[in-house]
Amino acid sequence: MGVTFLQQLGTADPRLMITGKPLRDQGSVVEALFALGWPERIVWEVLQRPLPQPLRKDPSAIIAKRLRDMLEAPVPVPRQMTQDGEMWEEDRPTPTPRQYRSGDSVLGARYECDGDEGLCGRPVAVQGEWCVVHAHEHEPAW
């Protein structure tokens with residue numbers, strides 16, 4: 001399976017064509033990646049990245065290095081949560097972010113106490129309301 005995968009890669013991009021012993025050796029590495037759970041699409045994309053310029057090594061050496069790097073890296077798995085708290089999977093469409101209308105407050109209004117001639121600054125629920133400390137100063141003295 002790994003050899004066939006690399007042959008298909010070489011057919012798609014002749015610069016990446018490898019044969020002989022390197023094909024067998026690297027084909028077994030590709031099979032190991034698949035056994036670990038690497039998706040074919042990602043292995044294909046990594047191996048098809050542009051070759052370095054100027055090319056100082058044989059393409060089989062570059063492919064071998066990329067395969068070794070993938071073996072050392074964690075297997076990529078989509079583990080994103082949807083807004084509903086479910087696991088997001090590759091086949092599902094990307095969730096649409098929450099939409100806001102112009103003028104909507106994202107954080108909500110924040111009001112402060114006007115006590116101490118506007119210098120108090122303690123949070124209050126409604127504009128013009130007094131905090132616990134200053135509310136007693138403005139109670140009627142019956």
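This is a predicted model: local features need pLDDT of at least 70, side-chain atom pairs count only at pLDDT 80 or more; totals for chains, interfaces and linings use all residues.
Residues are numbered from 1 along each chain as its sequence is written, and side-chain values use heavy atoms, with hydrogens and water left out.

The protein chain has six helices and two strands. Helices (H or I, at least four residues) and strands (E, at least two) are DSSP runs, numbered from the N terminus. Along the sequence their pattern is α-α-α-α-β-α-β-α. The chain has 142 residues, of which 25% count as buried. Buried means under 20% relative accessible area, exposed means over 50%, and partly exposed lies in between, with a 1.4 Å probe and protein chains only. Contact means heavy atoms within 4.5 Å. Among contacts between residues at least 6 apart in sequence, 42% join residues at least 24 apart.

Start with helix H2 (residues 20–36) and helix H4 (residues 59–72), whose axes come within 10 Å and cross at roughly 25°. Axes here are lines fitted to C-alpha atoms, for helices over the stretch in contact, and angles run from 0 to 180 degrees between N-to-C directions. Angles under 35 degrees count as roughly parallel, over 145 as roughly antiparallel, 65 to 115 as roughly perpendicular and the rest as oblique. H2 and H4 are therefore roughly parallel to each other. The crossing of H2 past H4 is left-handed, a term used if the near helix is turned anticlockwise from the far one by less than a right angle, with right-handed used if clockwise. On the H2 side the contact is made by Pro-22, Gln-26, Val-29, Val-30, Ala-32, Leu-33 and Leu-36, which meet Ser-60, Ile-63, Ala-64, Leu-67, Met-70 and Leu-71 in H4. These residues divide into 11 nonpolar, two polar and no charged. In this scheme Ala, Val, Leu, Ile, Met, Phe, Trp, Tyr, Cys and Pro count as nonpolar, Asp, Glu, Lys and Arg as charged, and the others, Gly among them, as polar.

H2 also meets H1, and the axes of H1 and H2 come within 7 Å and cross at roughly 110°. The two helices are therefore roughly perpendicular to each other. Gly-2, Val-3, Phe-5, Leu-6 and Gln-7 in H1 meet Leu-23, Arg-24, Gln-26, Gly-27, Val-30, Glu-31 and Phe-34 in H2. The contact of H1 with H2 divides into six nonpolar, four polar and two charged residues.

Next come the aromatic rings, where the structure holds two pairs. Rings of Phe, Tyr and Trp (its six-membered ring) pair if their centres lie within 6.5 Å, and planes under 30 degrees apart count as stacked, over 60 as edge-to-face and the rest as tilted. The rings of Phe-5 and Phe-34 have centres 5.3 Å apart and planes at 85°, so this pair is edge-to-face. Phe-5 in helix H1 (residues 2–12) and Phe-34 in helix H2 are 29 residues apart, and their pair links distant parts of the chain. Both Phe-5 and Phe-34 are buried. The rings of Phe-5 and Trp-44 have centres 5.5 Å apart and planes at 85°, so this pair is edge-to-face as well. Trp-44 lies in helix H3 (residues 40–47) and Phe-5 in helix H1, so the pair ties together parts that are 39 residues apart in sequence. The relative accessible area of Phe-5 is 4%, while Trp-44, at 23%, counts as partly exposed. Through these ring pairs, Phe-5, Phe-34 and Trp-44 form a cluster.

Ser-60 is buried, with a relative accessible area of 11%, and touches Ile-18, Pro-22 and Gln-26, not counting residues up to four places away in sequence. Arg-66, also found in helix H4, counts as buried at 14% relative accessibility. Leaving aside neighbours within four places in sequence, Arg-66 is in contact with Val-46, Leu-47, Gln-48, Arg-49, Pro-50, Leu-51 and Pro-52.

Last are the backbone features. Most residues other than glycine have a negative phi, and most peptide bonds are trans. A cis peptide bond, with omega about 0°, joins Gln-53 and Pro-54, and Pro-54 is found in the loop between H3 and H4. Asp-116 is not a glycine, yet has a positive phi of about 50°. Asp-116 lies in helix H5 (residues 115–118) and is partly exposed, with a relative accessible area of 48%.
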